[in-house]
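Work through the exercises below with the sequence and the model open. Each task is followed by its solution, step by step.

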Amino acid sequence: MTVEARPDYAETVEHPMTPFLRMDRIPHVWCPGCGIGTVVRCFASALEKSGIDLDKVSVVSGIGCAGRTAGYLKLDGFHTAHGRAIPFATGLKLGRPELTVTVLSGDGDLVGIGGNHFIHAARRNLDLLVVLINNFTYGMTGGQNGPTTPLSARSSTMPFGNFETPFNLPHLAASSGAPYVARWTSLHVRRLTWSIEEALERKGFRFIEVVAPCPVLYLRLNKLGDGVQRMRYYHDEAEIRNGADPGDAAIDFQGKILCGVFVDEERPTYQELMDEHYGNVLGDDYVPMPLEGGMLGGG
Amino acid sequence: MSTFWRRPLDADRVRPPHGEVLILADRCKGCEFCVEFCPKDVLAMSKDFNRKGYHPPEVVKSGVCMACNLCETICPEFAIFTTTTPESPPAAALPAPVLEGVAP
Amino acid sequence: MKTDPKGVLTGSHYLDGDFACGEGAMAAGCRFVAGYPITPSTEVVERIANRFPLVGGTFIQMEDELASMAAVVGASWTGTKSMTVTSGPGFSLMMENIGLAAMMETPCVVVDVQRAGPSTGLPTMVGQGDVMQARWGSHGDYELIAMSPQSPQESFDLMIDAFNLSEEYRVPVIILMDECVGHMTEKVVIPPADEIEVTPRRLTEVAPDDFLPYQINGQLVPEFARAGDGYRFHTTGLTHDERGYPGMSVEAQDANVSRLVDKIRVNAGDIVRFDEADTEGADVVVVTYGITARVSRAAIDIARGEGVDVGSVRLVVVWPFPEQRIRELAASVKGFVVPEINLGQLVLEVERCVAGQAVVRSVPHSGGAVHDPQTIAAAIVEVAR
């Protein structure tokens with residue numbers, strides 16, 4: 001029996017994410033079967049569940065398909081230069097310490113062109129939540145080889161298969177010092193939402209990698225089917241092992257995808273270390289940056 | 001299959017939520033995620049085209065949606081969601097659940 | 001408004017140009033600095049790193065200049081006045097995010113203590129080869145402001161003007177210092193805080209629901225909402241409409257870019273600043289900036305000794321260029337002499353404005369030292385004849 005989905009009703013009831021999205025920009029730019037929209041949905045849902053003051057949340061993206069995420073979330077949103085989302089976010093956080101600053105961007109952006117910023121922000125334990133959407137390729141420019149393209153996978157600039165070793169991102173983040181490191185796929189919508197929510201409660205450099213399908217480029221170039229087939233692959237090949245050694249999280253072409261929260265520990269953030277250190281050394285002479293920003297009202 | 005399924009002791013009292021699926025058909029890009037992963041197989045791809053030329057999903061099983069929200073959460077297009085309707089019968093009155101296609 | 005006294009080291013000091021620049025930034029209300037060490041600019045951030053914990057500012061040494069400039073743009077969106085400091089090679093890396101600052105209309109200050117280039121060039125020695133890069137360094141059409149101090153005192157003073165102009169026009173302001181001024185130690189008088197007027201961020205009073213981040217209402221500079229005030233605005237380096245949403249059309253591009261350019265061009269009369277001396281009836285006018293202005297004074301004295309009537313125009317604001325004044329002078333003088341520690345950059349701008357009405361003589365220097373005043377004097381005498 002076919003039941004109508006009552007489109008008349010749907011038009012009058014708001015989608016639950018409406019308050020968190022720039023609905024005047026929907027439909028978004030992402031292709032059919034792309035996983036980025038799902039990650040945005042999970043991110044928005046986690047924000048809602050966390051109960052934090054959304055007026056104080058900023059979202060920063062770089063360039064690329066995942067770089068467009070900041071443009072769809074109804075937060076203070078910054079669509080910055082390619083690779084520079086993390087340093088831009090660093091400025092936001094240090095300039096107004098009371099903000100919750102999040103970074104949503106892609107693998108090419110954050111660990112290709114922006115790789116240096118990524119490891120240093122993790123090393124400093126800057127108080128940033130970084131959600132990296134990994135589709136194994138440069139999507140917006142047409143499927144070129146990226147820092148995460150698995151060995152032997154085809155890309156438009158490795159037409160005979162990739163011979164470069166890709167990054168194992170959880171391992172990279174953990175070894176750079178990130179106190180919260182997780183990986184999910186865009187199929188793990190509940191765990192991803194919960195993980196983002198959990199990370200929002202933590203502090204320091206929190207890193208969540210989300211493996212997501214790129215049907216139009218990565219999957220097509222590798223003859224791996226469409227988005228839903230990719231989601232089935234995640235269903236079959238994702239293995240959840242919380243607390244696993246991030247060193248074991250490398251992704252082979254069509255191999256297992258190790259998921260879970262790999263690192264969840266406490267480490268003082270950049271600002272905590274700064275405050276503590278200057279407090280010890282300078283005592284009462286130390287004037288911390290005001291939480292709402294520096295010298296806004298004059299003398 | 002159902003012989004392996006332990007019947008909850010409070011099945012006669014607990015009223016499982018009953019959901020209604022709402023589809024914003026014109027937003028859909030036809031990725032099929034919702035159809036593929038609905039644990040109750042409520043949805044199928046429609047033969048109709050939406051304004052963009054994609055086949056949106058349609059509800060093919062009435063009364064079985066439990067408002068688990070998976071379709072809403074997995075939809076990359078913000079094109080589908082569920083609402084809970086109060087008039088659910090007790091779980092005991094529902095057909096025995098099937099194990100296949102458990103939500104990830 | 002008056003500045004915060006915490007950042008003002010009132011009194012008479014003996015400082016080099018780099019330290020004076022750092023003090024100027026703090027006096028101007030700068031409270032966020034991100035930088036990467038590079039000779040000959042490093043003393044600026046060293047001074048700031050020393051003093052910021054006492055004045056409520058945050059300095060962070062980033063991993064490179066790309067990150068430094070990106071962090072400055074980010075910090076400025078919180079309303080905290082922000083700057084970075086660098087020299088040639090780092091300035092090249094900053095161009096990406098200087099373009100972003102221009103496109104997002106982000107007030108910020110970039111100090112470039114110039115050394116001789118190209119590439120690594122002469123790290124510890126003077127050059128003025130970044131003057132065109134300051135103007136044209138990032139891709140696409142935009143305008144910004146660049147100022148060039150000739151002394152440690154001016155390094156202090158111009159920082160306050162630089163921050164104020166960046167707030168007024170929402171543009172990056174470049175301080176084109178040079179190694180000689182940066183490393184020159186002289187007396188610097190820092191006035192009391194109540195004598196330092198600073199321009200606050202022009203925060204919008206429009207309610208969040210009605211606010212559009214790039215709506216201009218007939219003005220050329222939009223009002224500002226800072227991150228965390230509930231405006232939930234969007235901004236992008238893409239061509240955008242008044243909502244700050246990407247607008248991929250010829251019309252959006254024209255509206256966007258024209259305004260970025262117009263806000264400086266239309267107001268150029270208010271922004272240009274130069275010291276003009278003895279141009280009345282002069283045969284030759286020497287056009288200079290930075291340390292070269294001081295070297296040229298000796299050259300002017302020599303030329304006067306040889307009977308030449310010489311005037312001078314020293315550019316305090318290099319960009320926008322004082323086109324109109326140069327054009328006017330071109331009608332009455334025999335020629336212009338333009339000494340620069342590069343092989344002829346700003347002289348092109350002088351030539352453009354003079355448009356054949358008078359002789360324009362470049363006095364180039366490849367860098368590593370200042371000119372011999374005799375060389376400049378010889379050019380002045382030659383042009384006069």
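**Exercise 1: Chain B on its own**

Among contacts in chain B between residues at least 6 apart in sequence, those joining residues at least 24 apart make up 64%. The model is a predicted one.

Task: Describe the fold of chain B. Which pattern does chain B follow along the sequence?

Solution. 
- Step 1. Take the elements. Chain B holds two helices and four strands.
- Step 2. The pattern reads β-α-β-β-α-β.
- Step 3. Check burial. Chain B has 104 residues, and 40% of them count as buried.

**Exercise 2: Chain pairs**

Task: Sort out the contacts between chains. Which two chains share the most contacts?

Solution. 
- Step 1. Two pairs of chains are in contact, and chains A and C share the most contacts.
- Step 2. Find the pair without contact. Chain B and chain C are joined by no contact. Their closest C-alpha atoms are 19 Å apart.
- Step 3. Count residues between chain A and chain B. Here 41 residues of chain A meet 34 residues of chain B.
- Step 4. Get the buried area. Chain A and chain B bury about 3200 Å² between them, with 63% of it on carbon and sulfur atoms.
- Step 5. His15(A), Arg41(A) and Arg190(A) give 18% of the area that chain A buries against chain B, more than any other three residues.

**Exercise 3: Enclosed space**

Task: Inspect the cavities. How many cavities of 30 Å³ or more does a search of the whole structure find?

Solution. 
- Step 1. Count. The search returns two cavities of 30 Å³ or more.
- Step 2. Start with the largest cavity. Its volume is about 110 Å³.
- Step 3. Locate it. The lining has 13 residues, and Cys28(B), Cys31(B), Cys34(B), Pro57(B) and Cys75(B) are the closest to the centre.
- Step 4. Classify that lining. It splits into nine nonpolar, one polar and three charged residues.
- Step 5. Move to the second largest cavity.
- Step 6. Locate it in turn. Its lining residues include Asn134(A), Phe136(A), Pro166(A), Arg183(A) and Ile251(A).
- Step 7. Classify again. Five residues of this lining are nonpolar, three polar and two charged.

**Exercise 4: An open site**

Task: Characterise the second largest pocket. Which element gives the largest share of its lining?

Solution. 
- Step 1. Take the volume. The second largest pocket holds about 450 Å³ of space.
- Step 2. Find the centre. Of the 22 lining residues, Gly99(C), Leu100(C), Met103(C), His139(C) and Gly237(C) lie nearest to it.
- Step 3. Assign the elements. Helix H4 (88-104) and helix H8 (250-265) of chain C each give two or more residues to this lining.
- Step 4. H4(C) supplies the largest, with five residues.
- Step 5. Classify. The lining has nine nonpolar, eleven polar and two charged residues.

**Exercise 5: A helix in chain A**

Task: Examine helix H5 of chain A. Why is it described as largely enclosed?

Solution. 
- Step 1. Count the buried residues. Helix H5 (residues 115-124) of chain A has ten residues and seven are buried, so the rest of the structure largely encloses it.
- Step 2. Name them. The buried residues are Gly115(A), His117(A), Phe118(A), His120(A), Ala121(A), Ala122(A) and Arg124(A).
- Step 3. Look just past the helix. Asn125(A) has a positive phi of about 55 degrees.

**Exercise 6: Backbone checks**

Task: Is Arg170(C) buried or exposed?

Solution. 
- Step 1. Take one cis bond. Thr39(C) to Pro40(C) is cis, with omega near 0 degrees. Pro40(C) sits in the loop between strand S2 (32-35) and helix H2 (42-55) of chain C.
- Step 2. Take another. Trp319(C) and Pro320(C) are joined by a cis peptide bond, with omega about -5 degrees. Pro320(C) falls in the loop between strand S14 (317-319) and helix H11 (323-330) of chain C.
- Step 3. Check phi in chain B. Ala67(B) is not a glycine, yet its phi is positive, about 55 degrees. Its loop runs between strand S3 (57-59) and helix H2 (70-74) of chain B.
- Step 4. Ala67(B) has a relative accessible area of 18% and is buried; the cut-off is under 20%.
- Step 5. Check phi in chain C. Arg170(C), also not a glycine, has a positive phi of about 50 degrees. Arg170(C) lies between helix H6 (152-169) and strand S8 (172-178) of chain C, in the loop.
- Step 6. Arg170(C) is buried, at 3% relative accessibility.

How values were computed
Residues are numbered from 1 along each chain as its sequence is written. Chains are lettered from A and ligands numbered from 1 in the order in which they are written. This is a predicted model: local features need pLDDT of at least 70, side-chain atom pairs count only at pLDDT 80 or more; totals for chains, interfaces and linings use all residues. Side-chain values use heavy atoms; hydrogens and water are left out. On a 1 Å grid over the protein atoms alone, a cavity is a set of points where a 1.4 Å probe fits but cannot get out, and a pocket is an open set with protein on both sides within 12 Å along at least five of seven lines; lining residues have an atom within 4 Å of a point. Grid points are joined across faces, edges and corners, and a volume is the space filled by probe spheres set on the points. Ala, Val, Leu, Ile, Met, Phe, Trp, Tyr, Cys and Pro count as nonpolar, Asp, Glu, Lys and Arg as charged, and the others, Gly among them, as polar. Buried means under 20% relative accessible area, exposed over 50%, partly exposed in between (1.4 Å probe, protein chains only). Contact means heavy atoms within 4.5 Å. Buried area is the accessible area (1.4 Å probe) that two parts lose on being put together, summed over both.
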